[in-house]
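This report looks at aromatic rings and their neighbours. Please keep the structure open as you read.

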Amino acid sequence: MSAEATNPGNPAAPPQAAPPDPVDASHRKRGRPRLELRGLRRIGRAALLGPAPRDGLPDALEHVAKVHRAHHPDADLDTLSRAYALAESSHRGQLRKSGEPYITHPLAVTLILAELGAETTTLTASLLHDTVEDTDVTLDQVSSEFGKEVCYLVDGVTKLEKVDYGAAAEPETFRKMLVATGNDVRVMSIKLADRLHNMRTLGVMRPEKQVRIAKVTRDVLIPLAERLGVQALKSELEDLVFAILHPEEYATTRALVLDHAGRPDPLAAIAERVRAVLGEADIDAEVLIRPRHFVSVHRVRLARGTVTGADLGRLLVLVAEDADCYAVLGELHTCFTPVVSEFKDFIATPKFNLYQSLHTAVTDEEGAIAETLIRTHQMHRVAEAGVIALGNPYAPADGADPSGAERAAAGGSADDEGERVDPTQPGWLCRLLEWQRATPDPDTFWTSLRADLAQDREVTVFCAAGGFDDESGTAEPDAAGTGTAVTGTVGLPAGASCVDAAYALYGEGAHHCIGARVNGRLATLSTVLCDGDSLHLLMAPDSAAGPSPDWLDHTRTPAARLAISRWLAAHPGAETAAAGAAGAGAAGAFQACAAPGATGSAAAPRHPGPNAAGLTTDLPDATVRLAGCCTPVPPDNVTGFAVRGGFVTVHRTLCPVVARMAAAGRQPVGARWHGAEDGAQGCRVTLLAEAFTRPHLLADLTEAIAAEGAAVVAAAVEPPREQRVRHTYTLHLPDAAKLPSLMRAMRQVPGVFDVLRAGRAQSTVAARS
């Protein structure tokens with residue numbers, strides 16, 4: 001049974017003071033009203049009298065039917081009537097904690113959705129949304145009487161029982177709803193309307209429960225309403241949460257609005273002049289004053305320090321066609337003084353939640369600034385109702401298979417190609433569904449969900465085509481690691497880095513990412529992406545590279561964090577440090593890629609056989625790989641450590657990692673070079689060049705390296721500090737015996753004062769090689 005339903009034998013909880021009404025009568029007179037309250041009162045009175053059909057329609061359903069017919073004149077009300085009869089009979093005798101018959105709740109939820117223009121199937125499911133949870137009605141009964149589509153929606157919003165899930169019931173319920181929303185966004189529409197009505201009547205709850213529900217609403221449901229574009233529900237939910245969680249700030253804001261209510265509205269004069277200007281230009285437009293809701297007023301006050309009468313609302317200009325929006329904009333900017341910094345075009349570039357509008361601000365002769373929204377009537381419906389305004393996005397086209405919508409509701413396909421088409425295409429939802437599958441722990445899921453939804457903006461990144469990179473010899477595989485490039489666009493939360501993009505595109509395959517090009521320039525994986533950036537990720541052609549712990553500092557998406565954490569847990573130790581240095585180093589570093597003949601990455605190379613790289617270990621059946629943190633070469637003294645997966649990672653004995661692992665109690669594995677004492681074997685090594693910063697230093701160093709016959713696998717340059725700079729190079733040498741001459745050649749480059757092996761540079765013994 002839901003939190004607000006009680007049995008008739010139990011007295012209702014004593015009513016407590018309800019939170020202040022966030023939209024009082026004086027404020028409603030100035031613009032957008034709260035979703036119809038008189039209709040809710042009429043519904044309550046009718047519900048007390050029972051179904052009492054008249055002309056085949058129950059009295060309690062009359063107002064819902066009238067509102068629904070205003071949006072859908074041809075709607076079949078027989079289904080709604082049958083759904084109400086089942087809901088009323090099954091909830092009969094149940095009371096809300098306010099003492100009202102419980103049927104008033106599903107009726108109120110249905111009225112909220114009807115006012116937003118929801119179609120009949122959604123309203124049918126909203127009438128029945130608590131029957132399976134709170135009564136003896138079963139999903140099979142709903143399916144047989146109303147079809148699989150309604151059954152799917154009802155099941156999607158049905159809570160999981162605490163007796164079965166305990167403390168995990170709430171996060172697992174939201175997980176279930178989100179998965180259902182992935183197949184049909186109408187599930188979340190019903191949940192949002194359900195929460196709005198519960199928030200309106202939250203005053204009967206204990207104060208601590210009010211706070212708990214308000215926090216979940218703030219952290220999860222309000223961001224979901226924003227992402228689905230349902231601004232009408234989001235705005236009212238924000239005000240109700242504001243009143244509960246911040247009562248003092250709410251009272252201050254409410255008093256500020258009431259104080260200005262009795263004064264002349266400066267927007268009224270500007271609106272009248274706008275009407276005259278548009279009339280003279282023969283533009284058919286409706287000019288309205290749209291008041292800000294309380295949270296919006298509070299944000300303006302915090303941003304500007306003071307609030308004027310013009311700040312309490314915005315002008316809304318509604319026209320018929322898209323072209324008229326730009327005509328209105330031209331007239332306003334011609335006849336008024338525009339505030340250039342306030343102009344935004346969300347028609348040419350819609351927001352990720354379907355929102356479209358032109359935003360501008362103009363000033364009158366007295367200096368009053370009027371923020372103005374310009375949109376078509378259809379854009380306005382979508383701006384208010386979001387996905388609800390789309391009706392049934394899964395309904396088959398005319399002449400299509402009539403069962404297509406039911407297949408879509410069941411998670412199947414609804415088009416001729418066998419794939420369900422969702423016109424909203426919410427990229428944020430796809431990302432959320434991807435990482436939740438890999439997060440079985442409810443606490444981790446709940447924490448990650450709140451963190452993901454806290455990202456309030458989204459950027460779109462264009463992924464450049466390509467296979468193997470011509471300059472680096474690196475591959476750009478698809479998610480399966482096949483080497484096929486992924487093209488198109490990817491949506492990411494604002495502040496996401498190349499690491500986030502890699503995991504969004506390739507999943508687990510992103511472990512092998514070693515660099516990126518952003519807008520054609522080489523960049524580190526820590527680079528923050530902006531809206532419209534072009535991205536080309538560089539992937540290692542082998543499976544040697546792996547994520548560095550540093551990558552976790554540059555991720556914004558739970559999918560990336562979870563994937564990196566899983567990999568690091570499966571590969572303990574510090575052997576991946578070099579991969580992080582190549583990919584996600586300090587800000588300002590960059591990647592330099594090798595010539596076509598050089599392959600591999602800056603990470604530790606994994607060798608396919610037990611005796612690869614001319615090494616023998618005390619575990620002859622283990623696969624040997626050289627540590628990327630110190631890149632040992634013959635004839636270095638080496639030692640190994642066994643890691644998961646049957647590998648032995650070999651380090652130079654002077655490597656700092658050896659001391660750390662020994663201190664941690666890890667047992668070393670003996671390792672020896674064989675057949676390579678003459679050094680005539682190719683190897684990979686990491687060198688650090690310390691130099692005084694000067695122009696063309698990088699070019700001179702790479703020229704010296706090339707003259708010695710070495711190939712640059714990867715390079716990173718740290719930002720200069722006190723006129724000094726450090727270059728880190730991972731190099732492939734055809735002959736290990738040439739390493740000393742290579743280091744001497746690099747030291748002879750003007751400005752370079754030292755060249756060190758990576759492992760020794762990090763150790764306390766900084767002896768030259």
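## A partly exposed pair

Phe-692 is partly exposed, at 42% relative accessible area. Phe-753 is also partly exposed, with a value of 31%. Both values come from a predicted model.

Phe-692 and Phe-753 form an aromatic pair. Their ring centres lie 5.1 Å apart. The angle between the planes is 50 degrees, and the pair is tilted. Phe-692 sits in strand E21 (residues 683–692), and Phe-753 in strand E24 (residues 752–757). The pair thus links distant parts of the chain, 61 residues apart.

## A buried pair

The aromatic pairs number five. One of them joins Tyr-503 and Trp-551. The ring centres are 6.5 Å apart. The planes meet at 75 degrees, so this pair is edge-to-face.

Tyr-503 belongs to helix H23 (residues 498–506). Trp-551 is in the loop between strand E15 (534–539) and helix H24 (558–570). The pair therefore ties together parts that are 48 residues apart in sequence.

Are these two residues buried or exposed? Tyr-503 is buried, with a relative accessible area of 6%. Trp-551 is buried too, at 1%.

## A cluster of rings

Which residues form one aromatic cluster? They are Phe-242, Tyr-250 and Phe-294.

## A lysine over two rings

Lys-351 lies over the face of Phe-346, 4.8 Å from the ring centre. Lys-351 also lies over the face of Tyr-355. There the distance to the ring centre is 5.1 Å.

Methods:
Residues are numbered from 1 along each chain as its sequence is written. This is a predicted model: local features need pLDDT of at least 70, side-chain atom pairs count only at pLDDT 80 or more; totals for chains, interfaces and linings use all residues. Side-chain values use heavy atoms; hydrogens and water are left out. Rings of Phe, Tyr and Trp (its six-membered ring) pair if their centres lie within 6.5 Å; planes under 30 degrees apart count as stacked, over 60 as edge-to-face and the rest as tilted. Helices (H or I, at least four residues) and strands (E, at least two) are DSSP runs, numbered from the N terminus. Buried means under 20% relative accessible area, exposed over 50%, partly exposed in between (1.4 Å probe, protein chains only). A charge sits over a ring if NZ of Lys or CZ of Arg is within 6 Å of the ring centre and within 35 degrees of the ring normal.
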